[in-house]
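This report walks through a structure for a reader who has not seen it before. Please look over the sequence and the model before reading on.

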Amino acid sequence: MGSKTIRIGVDVGGTNTDICAIDEKSGELMVYKLPSSLYDQSEAVVSGVKVIAEENGFAGGDISRFMHGTTVATNAILEGRGAKTALITTGGFRDLLEIGRQKRPDLYNLQADKVKTLVSRDCRFEVSERTDYKGNIVRELKEEELLPIVEAMRENQVKAVAVMLLNAYLNPDNEQSIKAIIEEKCPDVFLTISSDLSKQFREYERLCGTVINSFVGPEVRKYMNNLKSTLKSIGIENTYINHSNGGLMSIDESMKYPVKTALSGPAAGVVGAQYITDLIEEKDLITVDIGGTSTDISLVVNGRFEASDEKTISGYPVRIPSIDISTIGAGGGSIAWIDSGGILKVGPQSAGASPGPACYKRGGEEATITDARVVLGHLNNEVLLGGRLPINAELSKAAVKRLADRIHMDVMETARGIISVSNSNIIKEIKNVTVAKGYNPSEFCLVAFGGSGPLHAAELIDEMMIKKALIPKTPGLLAAYGLLTENMRRDFVQTNVMEVNDQCHNVLEKQFNLLEREADMWFDEEKIDSEKRSREYFLDMRYKGQNHEIRVPIDKTIISSADKIREEFTIAYERLYSFSSDDVVQIVNFGLSAIGDIVYPVINEDEYDGEDSSKALIGTRRVYEGNGEYSDYGLYDREKLRNGNIIYGPAIVEQMDSTTIILGGQKATVDKYLNMMIERV
């Protein structure tokens with residue numbers, strides 16, 4: 001170990017790889033951004049780590065923890081690029097993967113395509129076992145049934161196997177028997193059994209998650225092994241991978257359950273936002289992460305992020321613990337276009353990293369949100385990324401003009417229209433995650449991050465009458481920063497449908513005790529010290545007769561009181577649906593989040609410097625305001641802003657990883673952690 005103790009977080013996106021490192025002793029923050037490597041993400045990861053280490057005078061041996069958010073699993077799912085997979089399931093369920101829930105992906109589209117089936121029918125096999133709805137094994141598994149299946153898998157050159165037996169979430173014995181045989185007969189295949197991945201009911205979702213885990217498993221395992229060995233060669237040992245539930249897991253666990261990494265990048269951003277706002281005692285947040293391709297929106301309520309077990313990834317429903325994040329196709333690279341009715345639309349199509357927006361000079365010709373910002377004067381018309389990305393404003397203007405000519409509009413008004421449409425799309429989704437869930441968005445603080453988030457923040461709070469928006473110190477790298485603040489975390493969930501009544505407390509206590517034993521085993525496996533262990537409890541509940549449940553966080557001390565459990569459910573239900581009932585309440589799932597606490601990074605507090613921000617003023621920029629009117633916006637260098645400084649709009653604040661707009665009638669105040677809070681004057 002060297003003279004420094006460095007914690008490093010690396011988030012890989014489709015366009016850029018973001019790196020944040022922090023010295024745990026001094027609190028010094030180091031950042032670096034570089035293009036993602038196309039074929040092997042680890043190339044950019046390791047290259048970036050070497051550069052940031054060299055520039056800041058530390059070595060691999062100085063790195064105490066390496067945390068990584070990856071899109072390898074996500075990309076494999078989206079592109080349908082996985083291993084040849086076989087499925088072993090209960091007799092009569094061979095075609096469940098294609099039958100699904102018989103829900104139309106688009107209710108009014110008669111030509112809507114179903115998602116591609118990841119396992120061909122000749123690689124789907126049945127066994128004549130049976131476990132009933134109470135978990136009793138009615139028909140034992142016969143080993144001789146598996147021998148011809150194993151032979152058929154060899155003939156088909158299968159590289160991965162998924163096993164999903166009916167009701168295995170209640171009793172996994174038959175699945176475990178299959179697991180033992182497959183591991184003996186086919187030791188080189190990637191194997192997933194559903195009861196290891198999920199102990200919740202709804203067989204179709206459990207099946208999809210199991211199949212996807214095996215489908216992407218070999219590619220993720222190859223990537224993780226390569227990353228692990230490469231990092232080890234430069235002295236980095238303690239490597240952790242971000243989980244979609246907002247926690248870290250060991251790299252070995254990520255190789256067993258790669259599907260759990262599918263939403264890891266956006267989750268890290270939410271955790272980062274939660275951490276920096278908790279320092280200033282902001283507990284209710286709308287997080288808006290706007291990157292180059294998409295916008296990810298999430299809620300933090302009373303200091304806790306909203307969680308969900310039901311996610312759809314590229315059309316496949318899966319049950320994995322995750323932060324509840326809503327994603328739409330609206331980012332800096334989103335393309336503006338005209339529909340058949342002559343209406344201006346923006347996204348979800350994106351110019352991506354290549355060719356990118358027209359101004360990047362990489363061959364892009366279609367107008368994007370970034371091009372509209374350049375035309376209006378919101379973005380620097382010469383360089384971005386602190387001078388590392390030269391741009392051509394004339395190419396942006398030409399791209400927007402081609403669009404304007406099609407609808408016979410002025411170029412500048414068309415550019416404003418692109419921004420207005422994109423903001424409308426984002427606002428619609430913010431309402432879906434707030435108003436539709438019983439929350440008033442005006443009572444929240446909007447946290448805007450990602451490379452494009454700070455460009456939209458002032459406009460969003462102005463249109464939605466939200467009181468304030470927080471722009472983090474490094475908004476374009478907040479996901480990487482969020483990794484530095486995460487704990488080890490694993491969620492344990494078990495389905496056990498029962499009514500809430502005066503006799504239920506014994507079952508509640510027994511069920512939670514079982515989950516606690518599982519959590520303790522995990523704590524021991526991960527070598528987490530006893531004083532750093534904590535647990536959070538929750539129940540998934542519904543009214544009897546309903547088909548879906550809602551998640552209710554609870555304090556374990558109330559499990560002896562049916563009235564208090566019902567009261568917690570009623571509060572959550574009334575918030576969502578504005579009414580409640582006297583009907584019987586059912587518990588569907590018991591849940592426990594096991595959290596292995598790690599030491600949070602030191603964050604230096606900036607000394608108070610007063611309200612005067614003139615030393616950060618570097619000029620003015622002419623910005624189009626609409627109706628032929630222009631205004632001169634003050635132009636500020638974010639690196640020169642200090643604690644207490646106030647910037648009055650209209651103004652633009654530039655930094656390496658993003659640009660922030662402050663509208664007229666608004667002000668931005670810099671806090672002691674160098675975040676900016678935008679509010680109405």
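## Basis of the model

This is a predicted model, in which local features need pLDDT of at least 70 and side-chain atom pairs count only at pLDDT 80 or more, while totals for chains, interfaces and linings use all residues. Residues are numbered from 1 along each chain as its sequence is written, and side-chain values use heavy atoms, with hydrogens and water left out.

## A parallel sheet

Helices (H or I, at least four residues) and strands (E, at least two) are DSSP runs numbered from the N terminus. Two strands pair if DSSP finds at least two bridges between them. Strands of a sheet pair through backbone hydrogen bonds, either parallel or antiparallel.

An open sheet is built from 4 strands in the order β6-β5-β9-β10, with parallel pairing. Its edges are β6 (124-127) and β10 (190-193); each has a single partner strand, so one side of each is left without a neighbour in the sheet. From one strand to the next, the twist averages 15 degrees. Within this sheet, β5 (residues 85-90) and β9 (residues 160-164) are joined in the parallel sense by 5 bridges, and threonine 85 has alanine 160 of β9 as its bridge partner. Helix α5 (residues 173-185) packs on the sheet and touches β5, β6, β9 and β10. The direction of α5 makes about 175 degrees with that of β10; axes are lines fitted to C-alpha atoms, for helices over the stretch in contact, and angles run from 0 to 180 degrees between N-to-C directions.

## Two nonpolar cores

A nonpolar core is a set of buried Ala, Val, Leu, Ile, Met, Phe, Trp, Tyr and Cys residues joined through side-chain atoms within 4.5 Å. Buried means under 20% relative accessible area, exposed over 50%, and partly exposed in between (1.4 Å probe, protein chains only).

The largest nonpolar core has 77 residues, of which Ile8, Phe66, Ile88, Met153 and Ile178 touch the most other members. Helix α7 (residues 203-233) gives the most to this core, with 12 residues. Leaving aside neighbours within four places in sequence, phenylalanine 66 has contacts (heavy atoms within 4.5 Å) that include Ile8, Val10, Val45, Leu231 and Tyr240. A second, separate core holds 62 residues, among them Ile276, Leu285, Cys504 and Met541.

## A buried asparagine

Asparagine 380 sits in the loop between α10 (369-376) and β21 (383-384). Its relative accessibility is 16%, so asparagine 380 counts as buried. A polar atom of the asparagine 380 side chain lies 2.8 Å from the backbone nitrogen of glutamate 382, and a polar atom of that side chain lies 3.2 Å from the backbone nitrogen of valine 383. Leaving aside neighbours within four places in sequence, asparagine 380 is in contact with Ile391, Arg621 and Glu654.

## Antiparallel strands around β26

Strand β26 (residues 533-543) runs antiparallel to β28 (residues 585-596), with 11 bridges joining the two. Here tyrosine 537 stands opposite leucine 592 of β28.

β26 also pairs with β27 (residues 550-554), in the antiparallel sense and over 5 bridges; phenylalanine 538 stands opposite proline 553 of β27. The hairpin of β26 and β27 has 6 residues between the strands, and glycine 545 takes a positive phi near 100 degrees there.

## Cysteines

How many disulfides does the structure hold? There are 0, a disulfide being a pair of cysteine sulfur atoms within 2.5 Å. For cysteine 20, the nearest cysteine sulfur is that of cysteine 445, 20 Å away. Cysteine 20 is buried, with a relative accessible area of 0%. Cysteine 359 likewise counts as buried, at 0% relative accessibility.

## Backbone features

The peptide bond from glycine 347 to proline 348 is cis, with omega near 0 degrees, and proline 348 lies in strand β20 (residues 344-350). Another cis peptide bond joins glycine 649 and proline 650, with omega about 5 degrees. Proline 650 is in the loop between β31 (646-648) and β32 (651-655).

Methionine 465 is not a glycine, yet has a positive phi of about 60 degrees; it is found in the loop between α13 (453-464) and β24 (468-471). Lysine 527 has a positive phi near 55 degrees and is placed in the loop between α15 (505-525) and β26. With a relative accessible area of 70%, lysine 527 is exposed.

Conventions. Polar contact = N/O pair within 3.5 Å; in protein donor to acceptor, adjacent residues only side chain to side chain.
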